[in-house]
Amino acid sequence: MQKGKKAVWIIAIAAVVIVAGFFIIRHFVTGGSAKKGEDVAYVDTVANFMGIGGSGGMVNRFAGVVESQETWSVNQNQEYTVEEIYVTVGQEVKEGDPLFKYDIEKFQSDLTQAEIDLERLNNEMTSMVTIKEQLEKDAKKASSSEKANYTIQIQEQELNIKQKQIDIETKQLDIEKLHENIDHAVVTSGLTGVVKSINKDGSGSMGYGGSEEDNAFITVMQVGDFRVKGTINEQNMYDIYAGEPVIVYSRADKTKTWRGTIDRIDTENTVQSQNYYGGDSSNQSSKYPFYVQLEDSTGLMLGQHVYMEPDLGQGEEADNTLYLAEYLIDMTDPEHPFVWKEENEKLVKQPLTLGEYNEELMQYAVESGITADDRIAFPAEGLREGMPTADMADMQVMDDEGMMEEGMPDEGMYEEGMPGEGMMEEEMPDEGMYEEDMMEGPGEGGVG
(Lines give C-alpha, C1' and ligand atoms only; values in the text may rest on other atoms or scores of the structure.)
Protein backbone atom coordinates (compact mmCIF):
# COMPACT_ATOMS: atom_id res chain seq x y z
CA MET A 1 0.00 0.00 0.00
CA GLN A 2 1.45 3.35 -1.01
CA LYS A 3 1.65 6.38 1.26
CA GLY A 4 -0.75 8.40 -0.89
CA LYS A 5 -3.58 5.93 -0.46
CA LYS A 6 -2.86 5.49 3.22
CA ALA A 7 -2.95 9.24 3.81
CA VAL A 8 -6.30 9.58 2.06
CA TRP A 9 -7.79 6.78 4.19
CA ILE A 10 -6.44 8.42 7.36
CA ILE A 11 -7.98 11.72 6.30
CA ALA A 12 -11.28 9.97 5.55
CA ILE A 13 -11.22 8.33 8.98
CA ALA A 14 -10.50 11.65 10.66
CA ALA A 15 -13.40 13.21 8.79
CA VAL A 16 -15.79 10.50 9.97
CA VAL A 17 -14.62 10.94 13.55
CA ILE A 18 -15.17 14.71 13.31
CA VAL A 19 -18.63 14.33 11.77
CA ALA A 20 -19.50 11.63 14.27
CA GLY A 21 -18.36 13.95 17.03
CA PHE A 22 -20.95 16.47 15.90
CA PHE A 23 -23.90 14.15 16.26
CA ILE A 24 -22.50 12.63 19.48
CA ILE A 25 -22.48 16.13 20.96
CA ARG A 26 -25.89 16.68 19.43
CA HIS A 27 -27.42 13.70 21.21
CA PHE A 28 -25.51 13.27 24.40
CA VAL A 29 -24.60 16.84 25.33
CA THR A 30 -27.48 18.97 24.02
CA GLY A 31 -30.03 16.18 24.14
CA GLY A 32 -31.49 17.20 20.76
CA SER A 33 -32.78 14.85 18.10
CA ALA A 34 -34.56 14.71 14.81
CA LYS A 35 -37.67 13.71 16.76
CA LYS A 36 -38.42 16.21 19.48
CA GLY A 37 -37.88 14.87 23.00
CA GLU A 38 -36.38 11.59 21.77
CA ASP A 39 -32.77 10.41 21.45
CA VAL A 40 -32.02 9.07 17.97
CA ALA A 41 -29.05 7.07 16.64
CA TYR A 42 -28.06 8.14 13.15
CA VAL A 43 -27.13 5.31 10.79
CA ASP A 44 -25.74 4.86 7.31
CA THR A 45 -24.88 1.84 5.20
CA VAL A 46 -21.58 0.06 5.58
CA ALA A 47 -21.05 0.72 1.86
CA ASN A 48 -21.35 4.48 2.40
CA PHE A 49 -19.02 4.44 5.38
CA MET A 50 -16.43 2.43 3.47
CA GLY A 51 -16.92 3.90 -0.01
CA ILE A 52 -17.73 0.50 -1.52
CA GLY A 53 -19.02 0.21 -5.08
CA GLY A 54 -18.76 3.92 -5.87
CA SER A 55 -21.42 4.87 -3.35
CA GLY A 56 -19.36 7.83 -2.29
CA GLY A 57 -18.89 7.46 1.45
CA MET A 58 -15.84 9.39 2.62
CA VAL A 59 -14.17 9.39 -0.80
CA ASN A 60 -13.67 12.69 -2.64
CA ARG A 61 -15.72 12.87 -5.82
CA PHE A 62 -15.14 15.13 -8.82
CA ALA A 63 -17.15 15.91 -11.93
CA GLY A 64 -15.66 15.29 -15.36
CA VAL A 65 -16.43 15.17 -19.06
CA VAL A 66 -15.20 12.73 -21.69
CA GLU A 67 -13.11 14.38 -24.39
CA SER A 68 -10.75 13.42 -27.18
CA GLN A 69 -7.14 12.52 -26.52
CA GLU A 70 -5.90 14.56 -29.48
CA THR A 71 -7.10 17.84 -30.93
CA TRP A 72 -6.12 19.86 -33.99
CA SER A 73 -6.69 23.61 -34.16
CA VAL A 74 -6.39 26.28 -36.83
CA ASN A 75 -6.20 30.01 -36.17
CA GLN A 76 -7.71 32.57 -38.48
CA ASN A 77 -5.38 34.97 -40.26
CA GLN A 78 -6.75 38.21 -38.85
CA GLU A 79 -5.56 40.14 -41.91
CA TYR A 80 -8.07 38.35 -44.11
CA THR A 81 -11.80 37.80 -44.09
CA VAL A 82 -13.44 34.38 -43.87
CA GLU A 83 -15.80 34.12 -46.81
CA GLU A 84 -17.58 30.91 -45.81
CA ILE A 85 -17.56 28.25 -43.06
CA TYR A 86 -18.45 24.77 -44.26
CA VAL A 87 -18.87 22.95 -40.91
CA THR A 88 -20.81 23.19 -37.64
CA VAL A 89 -19.95 22.21 -34.06
CA GLY A 90 -20.44 18.47 -33.57
CA GLN A 91 -20.08 17.65 -37.26
CA GLU A 92 -17.86 14.68 -38.15
CA VAL A 93 -15.01 15.46 -40.55
CA LYS A 94 -12.21 13.51 -42.17
CA GLU A 95 -8.64 14.63 -42.60
CA GLY A 96 -8.55 16.87 -45.68
CA ASP A 97 -12.22 17.88 -45.53
CA PRO A 98 -12.82 21.63 -46.13
CA LEU A 99 -13.54 23.65 -42.99
CA PHE A 100 -13.72 27.24 -44.23
CA LYS A 101 -12.65 29.53 -47.08
CA TYR A 102 -10.90 32.91 -47.06
CA ASP A 103 -11.98 35.77 -49.30
CA ILE A 104 -9.16 35.61 -51.90
CA GLU A 105 -9.86 39.11 -53.27
CA LYS A 106 -7.60 40.56 -50.58
CA PHE A 107 -4.95 37.93 -51.33
CA GLN A 108 -4.96 38.84 -55.00
CA SER A 109 -4.78 42.59 -54.27
CA ASP A 110 -1.84 42.04 -51.91
CA LEU A 111 -0.14 39.82 -54.50
CA THR A 112 -0.42 42.47 -57.20
CA GLN A 113 1.09 45.10 -54.89
CA ALA A 114 3.87 42.73 -53.77
CA GLU A 115 4.85 42.00 -57.36
CA ILE A 116 5.02 45.75 -58.10
CA ASP A 117 7.19 46.23 -54.98
CA LEU A 118 9.50 43.43 -56.09
CA GLU A 119 9.95 44.96 -59.51
CA ARG A 120 10.82 48.31 -57.92
CA LEU A 121 13.37 46.66 -55.61
CA ASN A 122 14.99 44.85 -58.52
CA ASN A 123 15.27 48.13 -60.45
CA GLU A 124 16.85 49.82 -57.42
CA MET A 125 19.23 46.92 -57.11
CA THR A 126 20.27 47.23 -60.75
CA SER A 127 20.88 50.93 -60.33
CA MET A 128 23.03 50.36 -57.24
CA VAL A 129 25.17 47.79 -59.03
CA THR A 130 25.67 50.17 -61.96
CA ILE A 131 26.73 52.97 -59.61
CA LYS A 132 29.17 50.68 -57.81
CA GLU A 133 30.76 49.58 -61.10
CA GLN A 134 31.16 53.19 -62.20
CA LEU A 135 32.79 54.11 -58.87
CA GLU A 136 35.26 51.24 -59.29
CA LYS A 137 36.20 52.49 -62.81
CA ASP A 138 36.62 56.07 -61.58
CA ALA A 139 38.74 54.92 -58.67
CA LYS A 140 41.25 53.33 -61.02
CA LYS A 141 41.75 56.67 -62.79
CA ALA A 142 41.82 58.80 -59.64
CA SER A 143 44.93 60.21 -58.04
CA SER A 144 46.32 58.75 -54.84
CA SER A 145 44.73 61.52 -52.74
CA GLU A 146 41.24 60.76 -54.21
CA LYS A 147 41.38 56.93 -53.98
CA ALA A 148 40.53 56.92 -50.27
CA ASN A 149 37.29 58.82 -50.93
CA TYR A 150 36.30 56.43 -53.73
CA THR A 151 36.99 53.45 -51.49
CA ILE A 152 34.55 54.77 -48.87
CA GLN A 153 31.84 55.37 -51.49
CA ILE A 154 32.29 51.86 -52.93
CA GLN A 155 32.00 50.26 -49.46
CA GLU A 156 28.83 52.21 -48.70
CA GLN A 157 27.36 51.09 -52.00
CA GLU A 158 28.21 47.47 -51.28
CA LEU A 159 26.34 47.73 -47.95
CA ASN A 160 23.33 49.24 -49.73
CA ILE A 161 23.37 46.41 -52.26
CA LYS A 162 23.45 43.76 -49.48
CA GLN A 163 20.48 45.40 -47.70
CA LYS A 164 18.58 45.57 -50.98
CA GLN A 165 19.23 41.87 -51.56
CA ILE A 166 17.66 41.12 -48.16
CA ASP A 167 14.64 43.29 -49.04
CA ILE A 168 14.23 41.43 -52.35
CA GLU A 169 14.43 38.01 -50.68
CA THR A 170 11.86 39.05 -48.05
CA LYS A 171 9.47 40.30 -50.71
CA GLN A 172 9.91 37.08 -52.70
CA LEU A 173 8.92 35.10 -49.58
CA ASP A 174 5.85 37.32 -49.15
CA ILE A 175 4.85 36.62 -52.74
CA GLU A 176 5.33 32.88 -52.28
CA LYS A 177 3.15 32.98 -49.15
CA LEU A 178 0.45 34.92 -50.99
CA HIS A 179 0.48 32.38 -53.82
CA GLU A 180 0.16 29.64 -51.21
CA ASN A 181 -2.74 31.44 -49.53
CA ILE A 182 -4.54 31.76 -52.84
CA ASP A 183 -3.88 28.13 -53.68
CA HIS A 184 -5.08 27.11 -50.21
CA ALA A 185 -7.85 29.62 -49.65
CA VAL A 186 -9.95 26.66 -48.58
CA VAL A 187 -8.56 25.44 -45.22
CA THR A 188 -8.91 21.71 -44.63
CA SER A 189 -8.94 19.58 -41.48
CA GLY A 190 -5.67 18.09 -40.32
CA LEU A 191 -7.43 15.40 -38.27
CA THR A 192 -10.27 12.93 -38.61
CA GLY A 193 -12.77 13.56 -35.85
CA VAL A 194 -15.53 15.88 -34.70
CA VAL A 195 -15.64 19.68 -34.88
CA LYS A 196 -15.19 20.61 -31.25
CA SER A 197 -15.55 24.39 -31.47
CA ILE A 198 -15.91 27.30 -33.88
CA ASN A 199 -14.81 30.68 -32.57
CA LYS A 200 -16.15 33.26 -35.00
CA ASP A 201 -15.52 36.40 -32.98
CA GLY A 202 -12.16 35.54 -31.38
CA SER A 203 -13.54 35.67 -27.84
CA GLY A 204 -13.59 31.93 -27.13
CA SER A 205 -16.59 29.64 -27.41
CA MET A 206 -18.48 26.88 -25.71
CA GLY A 207 -17.57 23.72 -27.57
CA TYR A 208 -18.98 20.28 -28.24
CA GLY A 209 -19.71 18.47 -24.97
CA GLY A 210 -20.16 21.72 -23.05
CA SER A 211 -16.49 22.37 -22.35
CA GLU A 212 -14.93 25.81 -22.47
CA GLU A 213 -12.62 26.24 -25.44
CA ASP A 214 -9.57 28.35 -26.30
CA ASN A 215 -9.34 31.10 -28.89
CA ALA A 216 -8.51 28.88 -31.89
CA PHE A 217 -10.81 29.59 -34.83
CA ILE A 218 -11.76 25.94 -35.38
CA THR A 219 -10.80 22.94 -33.26
CA VAL A 220 -11.27 19.32 -34.33
CA MET A 221 -10.95 16.49 -31.83
CA GLN A 222 -10.12 12.89 -32.57
CA VAL A 223 -12.81 10.27 -32.11
CA GLY A 224 -12.04 6.88 -30.58
CA ASP A 225 -9.37 7.46 -27.96
CA PHE A 226 -10.86 9.30 -25.01
CA ARG A 227 -9.63 10.88 -21.81
CA VAL A 228 -11.58 12.52 -18.99
CA LYS A 229 -11.21 16.18 -18.11
CA GLY A 230 -12.09 17.07 -14.53
CA THR A 231 -11.93 20.26 -12.51
CA ILE A 232 -10.73 20.92 -8.99
CA ASN A 233 -10.81 24.15 -7.03
CA GLU A 234 -7.90 25.76 -5.26
CA GLN A 235 -9.32 24.86 -1.86
CA ASN A 236 -8.89 21.13 -2.37
CA MET A 237 -6.48 20.84 -5.30
CA TYR A 238 -3.96 19.00 -3.11
CA ASP A 239 -6.45 16.19 -2.50
CA ILE A 240 -5.27 14.61 -5.77
CA TYR A 241 -1.89 14.23 -7.45
CA ALA A 242 -0.47 13.32 -10.86
CA GLY A 243 -0.08 9.55 -11.08
CA GLU A 244 -2.96 8.79 -8.72
CA PRO A 245 -5.29 5.97 -9.85
CA VAL A 246 -8.96 6.87 -10.15
CA ILE A 247 -12.29 5.18 -10.85
CA VAL A 248 -14.65 6.83 -13.34
CA TYR A 249 -18.41 6.35 -12.85
CA SER A 250 -21.24 6.87 -15.30
CA ARG A 251 -23.73 9.40 -13.99
CA ALA A 252 -26.63 7.52 -15.55
CA ASP A 253 -25.61 4.02 -14.42
CA LYS A 254 -23.23 3.89 -11.47
CA THR A 255 -22.59 0.19 -12.00
CA LYS A 256 -20.60 1.15 -15.10
CA THR A 257 -17.03 2.08 -14.23
CA TRP A 258 -13.72 2.70 -15.94
CA ARG A 259 -10.23 2.91 -14.48
CA GLY A 260 -7.51 5.39 -15.21
CA THR A 261 -4.69 7.50 -13.82
CA ILE A 262 -4.45 11.26 -13.30
CA ASP A 263 -2.07 12.25 -16.07
CA ARG A 264 -1.74 15.98 -15.41
CA ILE A 265 -3.06 18.78 -13.18
CA ASP A 266 -2.93 22.02 -15.16
CA THR A 267 -2.32 24.74 -12.57
CA GLU A 268 -1.23 27.19 -15.26
CA ASN A 269 -4.69 27.61 -16.78
CA THR A 270 -7.74 28.59 -14.78
CA VAL A 271 -10.98 27.07 -16.05
CA GLN A 272 -13.21 29.61 -14.35
CA SER A 273 -13.59 31.59 -11.16
CA GLN A 274 -16.58 31.26 -8.90
CA ASN A 275 -17.72 33.21 -5.88
CA TYR A 276 -19.51 30.80 -3.58
CA TYR A 277 -20.54 33.34 -0.95
CA GLY A 278 -21.79 36.41 -2.76
CA GLY A 279 -19.97 39.51 -3.91
CA ASP A 280 -16.94 39.43 -1.61
CA SER A 281 -13.94 38.86 -3.89
CA SER A 282 -11.96 37.48 -0.95
CA ASN A 283 -14.15 34.36 -1.14
CA GLN A 284 -13.46 33.77 -4.82
CA SER A 285 -12.26 30.28 -5.71
CA SER A 286 -10.41 29.39 -8.93
CA LYS A 287 -10.83 26.07 -10.70
CA TYR A 288 -8.13 24.17 -12.55
CA PRO A 289 -8.43 21.31 -15.04
CA PHE A 290 -6.92 17.87 -14.53
CA TYR A 291 -6.82 15.01 -17.00
CA VAL A 292 -7.31 11.26 -16.55
CA GLN A 293 -5.69 8.74 -18.89
CA LEU A 294 -8.05 5.77 -19.24
CA GLU A 295 -7.00 2.13 -19.35
CA ASP A 296 -9.95 1.38 -21.64
CA SER A 297 -12.57 3.85 -22.87
CA THR A 298 -14.97 1.26 -24.34
CA GLY A 299 -18.56 2.29 -23.68
CA LEU A 300 -17.85 5.98 -23.12
CA MET A 301 -19.23 8.64 -25.43
CA LEU A 302 -17.68 11.92 -26.44
CA GLY A 303 -19.03 14.71 -24.26
CA GLN A 304 -20.43 12.28 -21.67
CA HIS A 305 -20.50 13.64 -18.12
CA VAL A 306 -19.05 11.40 -15.41
CA TYR A 307 -17.92 11.29 -11.79
CA MET A 308 -14.41 10.40 -10.63
CA GLU A 309 -13.07 9.13 -7.31
CA PRO A 310 -9.53 8.31 -6.19
CA ASP A 311 -9.12 4.53 -6.41
CA LEU A 312 -8.73 3.47 -2.78
CA GLY A 313 -9.68 -0.12 -3.45
CA GLN A 314 -13.43 0.56 -3.20
CA GLY A 315 -13.96 -1.23 -6.49
CA GLU A 316 -11.82 -4.25 -5.68
CA GLU A 317 -14.23 -6.53 -3.88
CA ALA A 318 -13.91 -9.43 -6.33
CA ASP A 319 -13.17 -11.88 -3.52
CA ASN A 320 -16.46 -10.83 -1.79
CA THR A 321 -14.54 -9.98 1.37
CA LEU A 322 -16.04 -7.12 3.32
CA TYR A 323 -13.63 -4.81 5.13
CA LEU A 324 -14.72 -2.58 7.99
CA ALA A 325 -12.84 0.35 9.49
CA GLU A 326 -11.64 -0.22 13.04
CA TYR A 327 -13.35 2.93 14.32
CA LEU A 328 -16.78 1.50 13.39
CA ILE A 329 -16.36 -1.57 15.60
CA ASP A 330 -17.05 -1.61 19.34
CA MET A 331 -14.01 -3.40 20.78
CA THR A 332 -14.82 -2.82 24.46
CA ASP A 333 -14.58 -6.60 24.80
CA PRO A 334 -11.93 -7.68 22.26
CA GLU A 335 -13.23 -11.23 22.46
CA HIS A 336 -16.73 -10.17 21.46
CA PRO A 337 -16.57 -7.33 18.90
CA PHE A 338 -19.85 -5.94 17.61
CA VAL A 339 -21.41 -3.07 15.69
CA TRP A 340 -24.53 -1.05 16.39
CA LYS A 341 -26.85 -2.17 13.62
CA GLU A 342 -30.33 -0.99 12.58
CA GLU A 343 -33.15 -3.52 12.60
CA ASN A 344 -36.73 -2.36 12.06
CA GLU A 345 -35.71 1.24 12.75
CA LYS A 346 -34.25 0.23 16.13
CA LEU A 347 -30.67 -0.19 17.27
CA VAL A 348 -29.31 -3.65 18.11
CA LYS A 349 -25.91 -5.09 18.95
CA GLN A 350 -24.67 -7.19 16.04
CA PRO A 351 -21.78 -9.58 16.91
CA LEU A 352 -19.00 -9.87 14.34
CA THR A 353 -16.57 -12.56 13.35
CA LEU A 354 -13.42 -10.74 12.34
CA GLY A 355 -10.60 -11.94 10.12
CA GLU A 356 -7.27 -10.43 9.14
CA TYR A 357 -6.39 -6.88 10.28
CA ASN A 358 -4.82 -4.43 7.80
CA GLU A 359 -2.58 -2.11 9.83
CA GLU A 360 -2.03 0.37 7.02
CA LEU A 361 -5.75 0.89 6.31
CA MET A 362 -6.80 0.21 9.92
CA GLN A 363 -9.49 -2.22 8.72
CA TYR A 364 -10.69 -5.68 9.68
CA ALA A 365 -11.90 -8.32 7.25
CA VAL A 366 -15.44 -9.28 8.32
CA GLU A 367 -16.07 -13.01 8.03
CA SER A 368 -19.68 -12.85 9.25
CA GLY A 369 -22.17 -10.58 10.98
CA ILE A 370 -22.97 -7.79 8.52
CA THR A 371 -23.13 -7.01 4.81
CA ALA A 372 -22.31 -3.87 2.84
CA ASP A 373 -26.03 -3.00 2.72
CA ASP A 374 -26.56 -3.13 6.49
CA ARG A 375 -27.03 0.23 8.22
CA ILE A 376 -24.87 0.90 11.26
CA ALA A 377 -24.16 3.72 13.71
CA PHE A 378 -20.88 5.15 14.85
CA PRO A 379 -20.12 3.50 18.24
CA ALA A 380 -20.34 5.92 21.13
CA GLU A 381 -21.31 6.08 24.77
CA GLY A 382 -25.03 6.41 25.31
CA LEU A 383 -26.12 4.09 22.50
CA ARG A 384 -28.47 1.39 23.67
CA GLU A 385 -30.45 -1.44 22.16
CA GLY A 386 -33.93 -0.40 21.12
CA MET A 387 -32.91 3.22 20.48
CA PRO A 388 -34.79 4.68 17.46
CA THR A 389 -32.70 5.22 14.33
CA ALA A 390 -32.69 7.84 11.59
CA ASP A 391 -30.85 8.27 8.32
CA MET A 392 -27.56 10.13 8.70
CA ALA A 393 -28.43 12.21 5.63
CA ASP A 394 -31.36 13.69 7.60
CA MET A 395 -29.23 14.55 10.62
CA GLN A 396 -29.64 18.06 12.00
CA VAL A 397 -26.70 19.84 13.61
CA MET A 398 -26.72 22.93 15.78
CA ASP A 399 -24.67 25.79 14.38
CA ASP A 400 -22.69 28.28 16.44
CA GLU A 401 -25.72 30.54 16.99
CA GLY A 402 -28.01 27.71 18.03
CA MET A 403 -29.92 27.69 14.75
CA MET A 404 -30.79 24.34 13.15
CA GLU A 405 -28.91 23.55 9.93
CA GLU A 406 -29.93 20.61 7.77
CA GLY A 407 -27.61 18.72 5.48
CA MET A 408 -24.80 17.30 7.65
CA PRO A 409 -23.03 15.25 6.71
CA ASP A 410 -24.59 14.29 3.38
CA GLU A 411 -24.49 17.59 1.51
CA GLY A 412 -21.06 18.51 2.77
CA MET A 413 -19.46 15.08 2.70
CA TYR A 414 -20.78 14.01 -0.69
CA GLU A 415 -20.75 17.34 -2.52
CA GLU A 416 -18.83 16.83 -5.70
CA GLY A 417 -15.51 18.55 -5.89
CA MET A 418 -15.88 20.28 -2.47
CA PRO A 419 -14.45 17.95 0.16
CA GLY A 420 -12.62 20.89 1.67
CA GLU A 421 -15.85 22.22 3.15
CA GLY A 422 -17.62 18.90 3.66
CA MET A 423 -14.68 17.35 5.48
CA MET A 424 -14.14 20.50 7.56
CA GLU A 425 -10.73 21.42 6.28
CA GLU A 426 -10.05 23.90 9.08
CA GLU A 427 -10.05 21.03 11.58
CA MET A 428 -8.34 18.50 9.35
CA PRO A 429 -4.67 17.69 9.98
CA ASP A 430 -4.08 18.04 6.26
CA GLU A 431 -0.87 20.05 6.09
CA GLY A 432 1.20 17.44 7.86
CA MET A 433 -0.50 14.64 6.00
CA TYR A 434 0.13 16.15 2.61
CA GLU A 435 3.70 17.18 3.27
CA GLU A 436 4.67 13.80 4.63
CA ASP A 437 2.58 11.41 2.61
CA MET A 438 0.88 13.10 -0.33
CA MET A 439 3.39 15.43 -1.95
CA GLU A 440 5.73 12.68 -3.12
CA GLY A 441 3.46 12.17 -6.15
CA PRO A 442 4.36 9.24 -8.38
CA GLY A 443 7.72 8.60 -6.73
CA GLU A 444 8.14 6.33 -3.74
CA GLY A 445 4.88 7.57 -2.32
CA GLY A 446 3.08 7.48 -5.65
CA VAL A 447 0.89 5.02 -7.41
CA GLY A 448 0.89 1.37 -6.52
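This is a predicted model: local features need pLDDT of at least 70, side-chain atom pairs count only at pLDDT 80 or more; totals for chains, interfaces and linings use all residues.
Trainee: Is strand β15, residues 305-310, mostly covered or mostly open?

Mentor: Mostly covered: 5 of the 6 residues in β15 are buried.

Trainee: Which strands are joined to β15 by bridges, and in what direction do they run?

Mentor: Strand β2 (residues 62-68) is joined to β15 by 4 bridges, and the two run antiparallel. In that pairing, G64 stands opposite V306 of β15. Strand β11 (residues 245-250) also runs antiparallel to β15, with 5 bridges between them. Here V246 is the residue opposite P310 of β15.

Trainee: Now the nonpolar core. Which residues of the largest one touch the most other members?

Mentor: The general idea is that nonpolar side chains tend to be buried together in soluble globular proteins. In this model the largest nonpolar core has 25 residues, and V87, F100 and I218 touch the most other members.

Trainee: Which elements give two or more residues to this core?

Mentor: They are the strands β6 (98-102), β8 (193-198) and β9 (218-222), together with the helices α3 (104-141) and α4 (144-183). The most comes from α3, which gives 7 residues.

Trainee: What is V87 in contact with, leaving aside its neighbours within four places in sequence?

Mentor: With that exclusion, V87 is in contact with V93, P98, L99, V195, I198 and I218.

Trainee: Which residues are among those of the other core, apart from this one?

Mentor: That core has 21 residues, including V194, V228, F290 and L294.

Definitions and conventions
Residues are numbered from 1 along each chain as its sequence is written. Side-chain values use heavy atoms; hydrogens and water are left out. Buried means under 20% relative accessible area, exposed over 50%, partly exposed in between (1.4 Å probe, protein chains only). Two strands pair if DSSP finds at least two bridges between them. A nonpolar core is a set of buried Ala, Val, Leu, Ile, Met, Phe, Trp, Tyr and Cys residues joined through side-chain atoms within 4.5 Å. Contact means heavy atoms within 4.5 Å.
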